[in-house]
Amino acid sequence: QDMADLSEVVPTLAKVYPNGQADVNHFHACGGVPFMVRTLLDAGLLHEDVHTVVGKGLRRYIQEPFLDGDKLVWRDGPAQSLDETILRPAERPFSPEGGLRVLEGNLGRGVTKISAVAPEHRVVEAPARVFIDQSELAAAFKAGELERDFIAVVRFQGPKANGMPELHKLTPFLGVLQDRGYKVALVTDGRMSGASGKVPAAIHVCPEALDGGPLALVRDGDIIRVDGETGELRALVDPADWATRQPAIRPEDMGIGCGRELFAFMRASFSTAEQGASAFTESLEALK
């Protein structure tokens with residue numbers, strides 16, 4: 001929630017992959033960190049009165065280190081962006097907000113990043129297709145079973161289930177289907193990095209399926225709505241039907257391999273993703 005609140009008031013100033021074609025080298029060449037820190041400070045969006053590794057105050061970061069012969073010198077970075085198709089000042093942002101939002105509804109609470117998602121793809125309402133891991137989705141894609149509108153529900157991927165691995169393999173398949181004109185989205189209690197890309201995704205959904213989360217109640221064909229504009233994450237299922245459903249059981253062979261079986265006792269004590277997926281969080285709550 002803190003991140004979503006900050007995102008609401010801090011504008012999008014950079015178009016760098018995945019929300020643009022530029023990479024970090026392009027970002028640096030057109031002003032980089034010195035220019036971005038300068039414009040955020042001038043807009044009142046950063047706290048100046050802090051200690052950093054280069055001294056007191058974030059204004060130190062508007063400077064760049066250079067070698068003058070064999071001597072290290074500091075000089076001010078660009079006062080203006082050298083390419084506003086990649087990096088803009090706070091008064092002319094790409095978007096007035098940062099694009100990170102909390103999603104909430106009868107499927108739980110998750111987070112989505114809409115800054116890389118085109119406006120026409122930010123709201124998806126479609127039948128669910130349930131998977132237990134990313135390899136199962138990959139197999140369905142290769143078998144030609146996903147050539148339609150659908151929302152992929154990938155569950156039992158949370159901290160307690162299997163340690164919350166990065167689900168990086170999902171984006172290419174879903175991106176191809178979106179490019180083919182299908183309405184697709186992802187809902188998961190698993191983890192994805194900031195490079196989650198152009199497909200609308202409700203990630204880190206809490207509580208996770210293994211911990212009594214409602215994702216365990218979803219069945220193939222349920223109509224699900226993922227709304228990146230209003231923050232809605234909902235299964236459009238008759239409440240009476242929903243109330244009588246029994247949660248799905250995690251397959252026995254999950255959580256095995258790569259040493260995961262050795263850490264099952266630790267996973268059992270993990271808090272939710274929203275609370276940091278930490279064994280310490282649960283311990284502190286128990287002490288209270």
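User: Which residues does Val-237 touch, not counting residues up to four places away in sequence?

Analyst: This is a predicted model, in which local features need pLDDT of at least 70 and side-chain atom pairs count only at pLDDT 80 or more, while totals for chains, interfaces and linings use all residues. Residues are numbered from 1 along each chain as its sequence is written, and side-chain values use heavy atoms, with hydrogens and water left out. Val-237 is in the loop between strand 12 and helix 7 (239–244); helices (H or I, at least four residues) and strands (E, at least two) are DSSP runs numbered from the N terminus. With contact taken as heavy atoms within 4.5 Å, Val-237 touches Asp-222, Trp-242 and Arg-245.

User: Why is Val-237 buried?

Analyst: Buried means under 20% relative accessible area, exposed means over 50%, and partly exposed is in between (1.4 Å probe, protein chains only). Val-237 counts as buried because its relative accessible area is 16%.

User: How far is the C-alpha atom of Val-237 from that of Val-218?

Analyst: Val-218 is among the residues with the most contacts inside the largest nonpolar core. Along the chain, Val-237 and Val-218 are 19 residues apart. Their C-alpha atoms are separated by 9.3 Å.

User: Which residues is Ile-224 in contact with, leaving aside neighbours within four places in sequence?

Analyst: Ile-224 is one of the residues with the most contacts inside the largest nonpolar core. Leaving aside those neighbours, its contacts are Leu-107, Val-124, Glu-125, Ala-126, Ala-128, Ile-151, Val-153, Val-218, Arg-234 and Ala-235.

User: Which elements do the buried residues of helix 6 pack against?

Analyst: Helix 6 (residues 170–179) is mostly covered, with seven of its ten residues buried. These are Leu-170, Thr-171, Phe-173, Leu-174, Gly-175, Leu-177 and Gln-178. They pack against helix 4 (134–142), strand 8 (150–154) and strand 9 (184–188).

User: Which element gives the most to the lining of the largest pocket?

Analyst: On a 1 Å grid over the protein atoms alone, a pocket is an open set of points where a 1.4 Å probe fits, with protein on both sides within 12 Å along at least five of seven lines; lining residues have an atom within 4 Å of a point. The largest pocket holds about 460 Å³ of space, where a volume is the space filled by probe spheres set on grid points joined across faces, edges and corners. It has 18 lining residues, and Pro-11, Thr-12, Leu-13, Ala-14 and Gly-98 are the closest to its centre. Helix 1 (2–9) and helix 3 (32–42) each give two or more residues, and the most, three, come from helix 1.

User: Why does Thr-12 count as buried?

Analyst: Thr-12 lies in the loop between helix 1 and helix 2 (24–29). Beyond four places in sequence, it touches Asn-19, Pro-93, Phe-94, Ser-95, Glu-97 and Gly-98. Thr-12 counts as buried because its relative accessibility is 11%.

User: How many residues does strand 6 supply to the lining of the second largest pocket?

Analyst: The second largest pocket has about 400 Å³ of space and is lined by 22 residues, with Leu-100, Gly-110, Val-111, Ile-203 and His-204 nearest its centre. At least two lining residues come from each of helix 1, strand 5 (100–105), strand 6 (108–113) and strand 10 (201–206). Strand 6 supplies the largest share, and the number is five.

User: How many disulfides does the structure hold?

Analyst: Cys-30 counts as buried at 3% relative accessibility, and Cys-206 counts as buried at 8%. A disulfide is a pair of cysteine sulfur atoms within 2.5 Å. The number of disulfides in the structure is zero.

Notes. A nonpolar core is a set of buried Ala, Val, Leu, Ile, Met, Phe, Trp, Tyr and Cys residues joined through side-chain atoms within 4.5 Å.
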